[in-house]
Amino acid sequence: SRLGVAEPVSRVKDGACQVPSPWQIHEIANVKFNQPATMTCGMASPLDTWIQDSVQPSAQRIFGESIVGFEVAASYACRPRNNKRGAKMSEHGFGNAIDISAFTLESGREVKVLQGWNGRGDERKFLRQVRADACGPFMTVLGPGSDANHRDHFHLDLQNRRSGSRY
């Protein structure tokens with residue numbers, strides 16, 4: 001596809017979860033995933049935008065090199081929010097979310113959300129920049145400081161709210 005390396009997977013229906021036309025994504029905008037991520041096409045497009053408009057320019061400016069890989073902590077999973085019984089269905093259950101726990105640079109250096117958030121100056125700057133920029137293409141952006149469940153990764157999703165607000 002135009003965005004990256006992916007293949008369609010058969011429709012996902014698993015109890016309350018449903019992903020009408022899911023794709024298994026291996027790479028977007030020349031950034032390889034450590035494991036395939038299952039998501040909707042609608043989720044792949046803002047991910048591509050974020051990588052091209054924020055992640056790569058920020059990496060070039062701060063580290064002088066490109067990001068070549070993401071560590072995907074989670075994509076499609078039929079589960080309630082934060083795995084709490086009785087909670088609303090997570091956007092992961094609709095193929096509208098991805099969790100990224102680390103970024104790999106061309107040199108092989110890994111920038112992990114957990115260690116980097118309060119770590120080296122360049123890593124802090126990069127992680128804060130790309131997280132702030134994710135608020136454009138995504139409806140929900142969570143990470144360190146949001147709550148204990150998100151201290152080690154960025155959660156990006158497309159949850160539609162009646163108000164149209166972002167979180």
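Predicted model: local features only at pLDDT ≥ 70, side-chain atom pairs only at ≥ 80, totals over all residues.
**The overall picture**

The protein has 167 residues, and 47% of them are buried. Its secondary structure comes to 3 helices and 10 strands. Starting at the N terminus, you can follow the elements in the order β-β-β-β-β-α-β-β-β-α-α-β-β. Now look at the contacts in the protein with a separation of 6 or more: residues 24 or more positions apart account for 54% of these.

**Two helices side by side**

Two packed helices are described by the angle between their axes and the distance between the axes. Here the pair is helix α1 (residues 41-63) and helix α3 (residues 121-134), whose axes come within 10 Å and cross at roughly 165°. An angle over 145 degrees counts as roughly antiparallel, so α1 is roughly antiparallel to α3. The crossing of α1 with α3 is right-handed.

Which residues meet here? From α1 come W50, S54, V55, S58, A59, R61, I62 and F63, and from α3 come D122, E123, K125, F126, Q129, V130, D133 and A134. Sorted by class, this contact has 8 nonpolar, 3 polar and 5 charged residues.

Next, find S66, which sits in the loop between α1 and β6 (67-74). Its side chain makes a polar contact with the side chain of Q60, at 2.8 Å. Setting aside neighbours within four places in sequence, S66 is in contact with Q56, Q60, T104, L105 and E106.

Finally, visit I28, A29 and N30. I28 belongs to strand β4 (residues 22-28), while A29 lies in the loop between β4 and β5 (31-40). N30 is in the loop between β4 and β5 too. Are these residues buried or exposed? The table gives the answer for each.

| Residue | Relative accessible area | Class |
|---|---|---|
| I28 | 1% | buried |
| A29 | 15% | buried |
| N30 | 62% | exposed |

The cut-off for buried is under 20% relative accessible area, so A29, at 15%, is buried.

A29 is not a glycine, yet its phi is positive, at about 50°. N30 also has a positive phi in a residue other than glycine, with a value near 65°.

Definitions and conventions. Residues numbered from 1 in each chain as written. Heavy atoms only, no water. Axes fitted to C-alpha atoms, helices over the stretch in contact; angles between N-to-C directions. Helix = DSSP H or I, 4+ residues; strand = E, 2+ residues; numbered from the N terminus. Parallel < 35°, antiparallel > 145°, perpendicular 65-115°, else oblique. Left-handed = near helix turned anticlockwise from the far one by under 90°. Contact = heavy atoms within 4.5 Å. Nonpolar A, V, L, I, M, F, W, Y, C, P; charged D, E, K, R; others polar. Polar contact = N/O pair within 3.5 Å; in protein donor to acceptor, adjacent residues only side chain to side chain. Buried < 20%, exposed > 50% of the residue type's maximum accessible area, 1.4 Å probe, protein only.
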